[in-house]
Amino acid sequence: MAADLEAEVQAIDKSLLECSAEEIAVKWLQANDLRKEVYQHLAYYVPKIYCRGPNPVPQREDMLAQHVLLGPMEWYLCGEDSAFGFPKLEQANKPSHLCGRVFKVGEPTYSCRDCAVDPTCVLCMECFLGSIHREHRYRMTTSGGGGFCDCGDTEAWKEGPYCQKHELNTSETTEEEDPLVHLPEDMVARAYNIFAITFKYAVDILTWEKENELPGLEMSEKSDTYYCMLFNDEVHTYEQVIYTLQKAVNCTQKEAIGFATTVDRDGRRSVRYGDFQYCDQAKSVIVRNTSRQTKPLKVQVMHSSIVAHQSFGLKLLTWLGSVIGYSDGLRRILCQVGLQEGPDGENSSLVDKLMLYDSKLWKGARNVYHQLFMSSLLMDLKYKKLFAIRFARNYERLQSDFMKDDHDREFSIADLSIQIFTVPSLARMLITEENLMTTIIKTFMDHLRHRDIQGRFQFERYTALQAFKFRRVQSLILDLKYVLISKPTEWSDGLRHKFLEGFDAFLELLKCMQGMDPITRQVGQHIEMEPEWEAAFTLQMKLTLVISMMQDWCALDEKVLIEAYKKCLTVLMQCHSGFTDGEQPIVLSMCGHSVETIRYCVSQEKVSIHLPVSRLLAGLHVLLSKTEVAYKFPELLPLSELSPPMLIEHPLRCLVLCAQVHAGMWRRNGFSLVNQIYYYHNVKCRREMFDKDIVMLQTGVSMMDPNHFLMIMLSRFELYQIFSTPDYGKRFSTENTNKDVVQQNNTLIEEMLYLIIMIVGERFSLGIGQVNPTDEIKREIIHQLSIRPMAHSELVKALPEDENRETGMESVIEEVACFKKPGLTGRGLYELKPECARSFNLYFYHFSRAEQSKAEEAQRKLKRQNREDTALPPPALPPFCPLFASLVNLLQCDVMLCIMGTILQWAVEHNGYAWSESMLQRVLHLLGMALQEEKQHLENLSEENVVTFTFTQKISRPGEAPNNSPSILAMLETLQNAPHLEVHKDMIRWILKTFNTIKKLRESSSTSPVAETEGNIIEESSRDKDKAERKRKAEIARLRREKIMAQMSEMQRHFINENKELFQQTLEELDTSASGVHENSPVTSDAKLTALGPEQTRVAEHRQVVMCILCQEEQEVKVDSRAMVLAAFIQRSTVLSKNRNKITPDPG
């Protein structure tokens, strides 16, 4: 290796080695026109050092560049040999309190989960190990390259901003001190001169677009050598590039792989060296071979001198980055030179030129100047602010360039947004002074121009290019998240004004999403092509955290919250004005109450799952309660203008859609709808989708007559006819023989009751119920652990994350669960503490159906093990906040009592009606909730208050004429002894006991604790009696069954003996008739019978019912009905066929 290097040195032009850095520097110091002298020097020597042949020789080039080109610059800068000058600079420099280490790809980074302002604040390994954060909860990740260590940045850490190494530097320097005072005046002047010339030279040559001439660099002897330069893109694969190069430049596969690897790493590589024609020929082959399917690879024929100067330009930028590391004063000078406006006015500074040319530069050049920006502009706090302003002003242009760029975001200047927007003071300054929020949102919307007639986003017919742009444009949502991630502690008028302006733009964005991707129920045949749904949900998922952060910002200032609420309500009313056109008004009447609404069927009309404006208003309404703005300034709020039926309409339609999908009514709409419903309830989306729809219904119900709400709900669920018409359920079950319709209606009734449970029971969010901030997460954990013991990782996945990727689990887990350590194998599990089981709610709104079933089974099993009855009563709930207090009346209103009474009536006369046990179970749960509510009202009763919740009195009253139906209480007592409801007896018994306890509470004048103690004693003694009674009845039933079975066996044996021949012949018929009897159908045999005579009886026809494997619907096979299509492929066997010439007749 040494011998090779020696040979290379001998081959070098002697004039290069004879160059003296000192002599050249002295000449420059005496020159009148320094720029001209430097440019002449570079014009002469750069082509002699760089690009002297087909392959670069980095060691030789670096050695000569340092000796001939950089050496004189360093001598000029220091005024002496740099070997002595740079150490002196370093010694005189006050060390920075910022670390600023730029991470390489794959390098470990550490973020403190307790102290970091946001997850983007990270430390390098050295700083982390020397900081207080190693003792905290931390997150370790590997860097994608490009970021830098935030040690020393006081805005990045709540505490412990410095490691031991950088803490030493804090006392020595103040942030306001000008670092130039530590440099000699003559050096400052020399630094300005050389930095201005070299930086301008590098920027000019990198952004130069002409292929045959140079900017201000006259070449004395221009050679006739060119390079065929191949550039990287993210479209073509390695294999395509390798294959093309082998054909174009006649190289081996190994050489082609080397070329492709360099192109991918550095962004470009010369693949041929020679005269223009020779290089152009290779270019033509490459373009021709790669333009068939996609756009061709980028290839340029460039003069060797231009390539040489560009190579040195990059070397110069790297050199500038290393030189400013010796002194903060030099860094400040370079920043001033870079941001100084040129003669052309706006965007004429060197920094602006580089940024705006970014998308045209190759990967290697981008990496070099990005690193220089990070080590200069972003490390100087004064110029970081000025750079942030330049970046924000050019934001729209930079993002547009990025959309067209075929390189990933990590190689784009747009990626520097994370370094600027996550600094709280900069973010707020940019919002206030540069209107950054509005800029980001409007730029985002400008790139999503594909809209339908109503102006909503449309993703249905996206081309490949539009899909690519959509993926790119999502990064702007990330920028918006960075801007909002740090919340303001103080508000200025300017910040209020600009935030609300940004909020307006955000509402415009949500308005384009309100009602997008509407769907209509498919009837008759399956949908032919699955519609595009993923893009809309991707947008929703990306925006979820931004919507939450917008609400958090609004909650911090009362004026902002009031204005935001008004603006959101205005936009929602604009959205609704287009929704209700042409919908017919109808009047609904039940139990002496009437309400006017619109005729709308979810199963027939268009319905959308995307309602972000409604959901944002729901979130803001809760904040009015949480921040008490609704009680402090009611006159400033437009609460009187609110139309509750309008507020609930679309969230209710969305929840009805989910119910109908669960009932199997939308099977023919394919899997796209199933997936949408899944994500609607999924932990990633539900906070700003499903949860907010429940909140919006709670908001609407709290402001309207509960009877009116329930009638509208019955109408939307398409169940109004069943509950408003006396005995309709009985007629329905007898007249309709279609099992599917009966089953669908039963499921819809179950879903509707579940929704009522959620509306009244979900009050664990701050602002809805009177709860602590941790109660919500505790409840989530309790219900997850009610299903089964879980590992830490499982629990974290099941809980929603905030903008800092935190769930809040660690702060409360020890209060509700015990950790069971793993054995030799397996993993540690959290188990629910026994005392937390009383908080279990069977109808917890975040359970999936499978989870609900598992949780019910696990809790019943636990109760049996503890020798308790298996009832799962509703838990005691916290009281509502005043704004939502009227919600409890939903449980005791007339229509609710009518619904509960009707279903209990069906259960009492169980043979006459189509009903289900799940339906009854939900009614019992609602009864339990109402009784718990009344009990709490009575226990918390103060002298001046009157209890308005009189549920026990209402369920004791029988129905009015003409029906004269029994009271709900009487029906419960009847059902207590019903043999077909064995599984619900414990729950009914619990309800009746709670009723008696409340009755005693009402009657008793003694104090609450005594009444409760008496109730417990009565409860315990009656429980023992009940157990004994149940055991006695079970024994009687067993003996009766055995006696009946013995009688049947004897009769069967006697009949067989008497009719041996007949029995042998009709064995099959008897089997069939037996199965028919089992199914409660008339006894008929499958044999074909013919009746003769004048009074002949009609024989029932044999019905054949089959199930469609695609939509799982049963269908009767008839001659005149729709046929089921079976796909088949028939061809002649090539193995078994002997006579190939024989023509097979068509069987059809």
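A salt bridge is a side-chain nitrogen of Lys or Arg within 4 Å of a carboxyl oxygen of Asp or Glu. The structure discussed here is a predicted model.

Q: Why is the contact between R113 and E806 called a salt bridge?
A: The side chains of R113 and E806 meet at 2.9 Å, N to O. The cut-off is within 4 Å, so the pair qualifies as a salt bridge. R113 lies in the loop between strand 1 (108-112) and helix 7 (125-129), and E806 in the loop between helix 36 (792-798) and helix 37 (813-816), so the pair ties together parts that are 693 residues apart in sequence.

Q: What makes E806 buried or exposed?
A: E806 has a relative accessible area of 14%. Buried means under 20%, so E806 is classed as buried.

Q: Which residues are linked with R113 and E806 in a network of salt bridges?
A: The network links R113, D114, R137, R139, E806 and E810. In the whole structure, a search finds 51 salt bridges.

Q: What makes D186 partly exposed, and is R190 buried or exposed?
A: D186 has 47% relative accessibility. R190, with a relative accessible area of 12%, is buried.

Q: Which parts does the salt bridge of R366 and D405 tie together?
A: The side chains of R366 and D405 meet at 2.7 Å, N to O. R366 belongs to helix 16 (residues 363-375) and D405 to the loop between helix 18 (395-404) and helix 19 (417-421), so the pair ties together parts that are 39 residues apart in sequence. Both R366 and D405 are buried.

Q: How do you know that strand 3 and strand 4 pair?
A: Strand 3 (residues 226-231) and strand 4 are joined over six bridges in the antiparallel sense. Pairing needs at least two bridges, so these strands pair. Y226 stands opposite G274 in strand 4.

Q: What makes strand 4 and strand 5 the edge strands?
A: Three strands form an open, antiparallel sheet in the order 4-3-5. Strand 4 (268-274) and strand 5 (299-303) each pair on one side only.

Conventions: Residues are numbered from 1 along each chain as its sequence is written. This is a predicted model: local features need pLDDT of at least 70, side-chain atom pairs count only at pLDDT 80 or more; totals for chains, interfaces and linings use all residues. Side-chain values use heavy atoms; hydrogens and water are left out. Helices (H or I, at least four residues) and strands (E, at least two) are DSSP runs, numbered from the N terminus. Buried means under 20% relative accessible area, exposed over 50%, partly exposed in between (1.4 Å probe, protein chains only).
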